Number of protein chains: 2
Amino acid sequence: MARVRKAIEEMNYVPNSSARSLRVGRTRLFGLIISDVNNPFFPELIDAFESLAAAHGIGVIFTHTNYELERLDSCIRRMIERRVDAIAIMTSEIDERFLRQPMKLGVPIVLMNQRQLAARYPNVLVEYATGYREAMDHLLFLGHRDFGFIAGPPQLSSAQDRKAAFKTVSQAHGVHLGPERIVAGDMHVEGGRSAMRELLARSPRPTAVLATNDLMAVGALQAAHEAGIRVPEDISLIGFDDLPIASMVSPPLTTIRHPRRELAARAFALLQNALQEGNALPELILHPHLVIRESTASPARRRRR
Amino acid sequence: MARVRKAIEEMNYVPNSSARSLRVGRTRLFGLIISDVNNPFFPELIDAFESLAAAHGIGVIFTHTNYELERLDSCIRRMIERRVDAIAIMTSEIDERFLRQPMKLGVPIVLMNQRQLAARYPNVLVEYATGYREAMDHLLFLGHRDFGFIAGPPQLSSAQDRKAAFKTVSQAHGVHLGPERIVAGDMHVEGGRSAMRELLARSPRPTAVLATNDLMAVGALQAAHEAGIRVPEDISLIGFDDLPIASMVSPPLTTIRHPRRELAARAFALLQNALQEGNALPELILHPHLVIRESTASPARRRRR
DNA sequence: CTGAAAGCGCTTACAG
DNA sequence: CTGAAAGCGCTTACAG
């Protein structure tokens, strides 16, 4: 008898999780929504989230919005149909409208850096200013005084947050930034390249340029190469994110490392916590830090006004 | 009555897919197993697979082995517990042992480029030789005669397949490659860099180097930079895969584009087909093609033996 | 302590 | 054509 049972188990038996879910009311499935897998910002986040989930016996079902806000709705809907236990929405653009259904159904959600929604929805916050403070300390110490900033598109809140943080930090350091020092790009390589071309035409030319993300910093590097301007001898360059490419280009980029793994871990912990309906987790803010590589150096001596 | 029902539907109702799956015996869930999300080879594949699935109302549950063969077993097991309808195993290393359970349970699987298993398991095959043929035509036309090849580790079958394809094509072109022309790397940037350093020390120094993947080609580029050797003026360089970084480095890499989206689409089609138990899909082999950018040029004139 | 029964929310085959 | 019933495979509360 027992032998038969054992044999059955050893041979074939795998519990049917649909049946169990139906009975128990939990699927042990989390949803993860991101903007775009092809954006090298996300893989590490996905990796960290999925590894953590696997370690807890939780599966991850995963969709992306491709930056289209409307697709977020169908992403969330699909997750709810699958009866995921909780959803991590790691896109930078979010419409509160779409959040109502999961909230109503009691499906915990967590957002990434949605400051305007932080009071009403669980959120993992990253304090960009910390990274910019370290970057400015570094550049000022090297002797830079003329800065340029490659911003992102006006409608992208994460880009605007970064710009605001940079401005605040600059002011605190007594650095004045006229509007002609800030050029917007499209967050991709190409946008960084054209923004850099504009910045290089300014007079006085900035001796240090910060880009809102590494992709644009890579573009900026290309623009400098093309113009015969050496990095870091003629101009220093700092990115943001610390993507794998940041250390693959020449020179390897000094950049501000976005704590993606910590972000994923925190999102996961918040969701787990919400499900266990214990006490709320203590508030926690993540901080990006400067990673110094080879794209920054002291500015070449030259005449100043 | 009808009004009540309608109201209910409009307000809250979302069908419970666990219940439906239990009843119907299908989950409309596919499993996707890859080696490593952080490897930039995979995001585009994931993207294509997931988009296709979403368009068919199928969800994707996704795990990675982190290159550890043993983890493939638990990946497959988890998918089977979730009762996925089918599994795409897109890792380059596979142990047939782990494939028995899904086969026994009648869960269709599809593999990526497992030539040794192609007779017994559905497989998406990529004919590497096509890409190498185009690459060699290009290099020979430019006037190159001394080649170097950065291979991958001996135990990685995909790397060995590429090397074998390259050798076959070289021979067909009457190019002889002594063992000292082939150096192995680790498939990452660092391995490409050190392999290139060795190749640069050879005499006669190769005028053109092909790397088994783009990551190593990027490393090779760095090694050339560090040695003060210009690409493409002093040495031509060709990668493989056409990762996003290939066009971000300077100079942008000439490389062989791996048809990742087509691979994903084909894998998806094979799985769908297996589920519909119609006729088998006609055999199809995918071909990578050369993408010419700026890392290749005619070799500088110099004395030859 | 053990074992049979009820029920989770669907779909579908069947009775009326 | 319509509507009530059975059953998918689990888990758990309950009877013995």
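Predicted model: local features only at pLDDT ≥ 70, side-chain atom pairs only at ≥ 80, totals over all residues.
Reader: What makes you say that the same surface serves both copies?

Author: Of the contact residues of chain A, 100% recur in chain B.

Reader: Which residues are around DNA strand D?

Author: From chain A there are Pro15(A), Asn16(A), Ala19(A), Arg20(A), Leu22(A), Arg23(A) and Val24(A), and from chain B there are Leu22(B) and Arg23(B). To be listed, a residue needs its C-beta atom within 6 Å of the strand. By class, this surface has five nonpolar, one polar and three charged residues.

Reader: Which element gives the most to the surface near DNA strand D?

Author: That is α2(A), with five residues. Both α2 (17–24) of chain A and α2 (17–24) of chain B supply at least two residues of that surface.

Reader: Why is strand β2 of chain A called mostly covered?

Author: A residue counts as buried if 20 or more other C-beta atoms lie within 10 Å of its own. Six of the six residues in β2(A), residues 59–64, are buried, so the strand is called mostly covered. Gly59(A), Ile61(A) and Thr63(A) lie on one side, Val60(A), Phe62(A) and His64(A) on the other, and both faces are covered.

Reader: How do you know that β1(A) and β2(A) pair?

Author: Two strands pair if there are at least two bridges between them. Strand β1 (residues 29–34) and β2(A) have six bridges, in the parallel sense, so they count as a pair. Leu29(A), for example, stands opposite Gly59(A). Together with helix α3 (residues 42–55), these strands make a right-handed β-α-β unit.

Reader: What makes β4(A) a partner of both β3(A) and β5(A)?

Author: The same cut-off of at least two bridges applies. Strand β3 (residues 86–89) and β4(A) have three bridges, and β4(A) and strand β5 (residues 123–126) have two. Both pairs therefore qualify, and both are parallel. Ile87(A) stands opposite Ile109(A), while Leu111(A) has Asn123(A) as its bridge partner in β5(A).

Reader: Are the residues of β4(A) buried or exposed?

Author: Ile109(A) and Leu111(A) point one way, Val110(A) and Met112(A) the other way, and all are buried. With β3(A) and helix α5 (residues 100–105), β4(A) makes a right-handed β-α-β unit.

Conventions: Residues numbered from 1 in each chain as written. Chains lettered and ligands numbered in written order. Contact = placed C-beta atoms within 7 Å. Buried ≥ 20, exposed ≤ 12 C-beta atoms within 10 Å, placed from the backbone. Helix = DSSP H or I, 4+ residues; strand = E, 2+ residues; numbered from the N terminus. Right-handed = clockwise from strand over helix to strand, strands pointing away. Nonpolar A, V, L, I, M, F, W, Y, C, P; charged D, E, K, R; others polar.
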